[in-house]
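Open the model in your viewer and keep the selection tool ready. We will go stop by stop.

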Amino acid sequence: MCTIELREVEEDGLCEYSHNVWVKLMVSSLISVPWQLLCPHTVPPLLARVVGGEDARAHSWPWQISLQYSRNGAWSHTCGGTLIAPSWVLTAAHCISSSLTYRVVLGEHNLEVEDDGAVVAEVEKIIVHEKWNSFLIIDSKGYGCNDIALIKLSQPVQRSDTIQAACLPPNGLELENGYPCEITGWGRLSTNGPLAEVLQQARLPVVDHETCSQSDWWGGLVRTSMVCAGGDGVVAGCNGDSGGPLSCQRNGLWEVHGIVSFGSSWGCNTAKKPTVFTRVSAYIDWINEVRAELWGWVLPVLLHVQV
């Protein structure tokens, strides 16, 4: 997860504000599969309330993925993500560097153990939002940093007890203040602490934009294209949770309403500095456009480059 102090640079798939951006053309075809076909109806059991969270029950969040990169012949977790269709994963733009090779691990629970039901998927291509800007949280026009990316898998994954897709929310939907949602991930268990081996879960209620944009909260750094959750000073996302889902149950279905984006450099669980997510419902049109353009068309995309 990004921590917001604009001159600060972090490791492990977090925001680095010294990045450059370049353009690459990609051509692809898309297997047409209904995106909402695999939405789970069951409620993952919560063992308690990630920082301030506890171990999730194995495979109770079957859309959670681990985005891993290759270094010195080994694979390491860098970010989370959400399976939203058999061939598609949603994650944060700041997790992606064009200089790295990635894979997606699905159906995983303990990153240190080869779990039954886990699947390793190769990545065909990664599409970063064309207006993502790693130098800015807010651009000159006042828009959010578009911290969103889509990963297309080389082959569609099969639905199983351990692998299922989350639903996308309706276009433009904003959840009310206090709406109960869940954050999951293998991020740090405390500020500057160790990464989790077992998937963590924590309940984070939504903080509405009116509250989150107050001067003693996040002020002008949060835009309506983002969603805040938490802020009690106890429970929060942390480094390594980036790209992972804010999962919210609505009308009996689990939807991914947020993508972990940034937090405070004062500490992951700083009071009145809730975890900030890219609001997925603000990008439904973009997600659909990427699918359409990848249907055999040439698509220019901006890729995040580490220097």
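In which sense do strands E5 and E6 pair, and over how many bridges? Select residues 74-85 for strand E5 and look at its pairing with E6: the sense is antiparallel, and there are three bridges. Bear in mind that this is a predicted model.

**The whole chain**

Zoom out before going further. The protein chain has 307 residues, and 57% of them count as buried. Its secondary structure comes to two helices and 16 strands.

**The hairpin of E5 and E6**

Go back to E5 and E6. They form a hairpin, with two residues between them. Now pick Thr82. Its bridge partner in E6 is Leu90.

**Along strand E6**

Select residues 88-91, which make up strand E6. Show the side chains. Which residues point one way, and which the other? Trp88 and Leu90 point one way from the strand, while Val89 and Thr91 point the other way. Are these residues buried or exposed? All of them are buried.

**Across to strand E9**

Click on Val89. Opposite this residue stands Ile151 in E9.

**The disulfides**

Next, colour the cysteines. How many disulfides does the structure hold? It holds four. A disulfide is a covalent bond between the sulfur atoms of two cysteines. Three of these links get a stop here.

*Cys79 and Cys95.* Select this pair. Their sulfur atoms are 2.1 Å apart, and the two form a disulfide. The link is left-handed, with -90° about the S-S bond. Distant parts of the chain are linked here: Cys79 is in strand E5, and Cys95 is in the loop between E6 and strand E7 (102-106), 16 residues apart. Why does Cys79 count as buried? Because its relative accessibility is 0%, and buried means under 20%. Cys95 is buried too, with a relative accessible area of 4%.

*Cys212 and Cys228.* Move on to the disulfide that joins Cys212 to Cys228, with 2.0 Å from S to S. This link is left-handed, at -85° about the S-S bond. Which elements hold its two ends? Cys212 lies in helix H1 (residues 209-212) and Cys228 in strand E12 (residues 226-229), so the pair ties together parts that are 16 residues apart in sequence. Both Cys212 and Cys228 are buried.

*Cys238 and Cys268.* Now select this pair. Cys238 and Cys268 form a disulfide, and their sulfur atoms are 2.0 Å apart. Is the link left-handed or right-handed? It is right-handed, with 60° about the S-S bond. This pair also links distant parts of the chain, 30 residues apart. Find Cys238 in the loop between E12 and strand E13 (245-250). Then find Cys268 in the loop between strand E14 (253-264) and strand E15 (275-279). Cys238 counts as buried because its relative accessibility is 0%. Cys268 is buried as well, with a relative accessible area of 2%.

Finish with Cys145. Is this residue buried or exposed? At 6% relative accessibility, Cys145 counts as buried.

Notes: Residues are numbered from 1 along each chain as its sequence is written. This is a predicted model: local features need pLDDT of at least 70, side-chain atom pairs count only at pLDDT 80 or more; totals for chains, interfaces and linings use all residues. Side-chain values use heavy atoms; hydrogens and water are left out. Buried means under 20% relative accessible area, exposed over 50%, partly exposed in between (1.4 Å probe, protein chains only). Helices (H or I, at least four residues) and strands (E, at least two) are DSSP runs, numbered from the N terminus. Two strands pair if DSSP finds at least two bridges between them. A disulfide is a pair of cysteine sulfur atoms within 2.5 Å.
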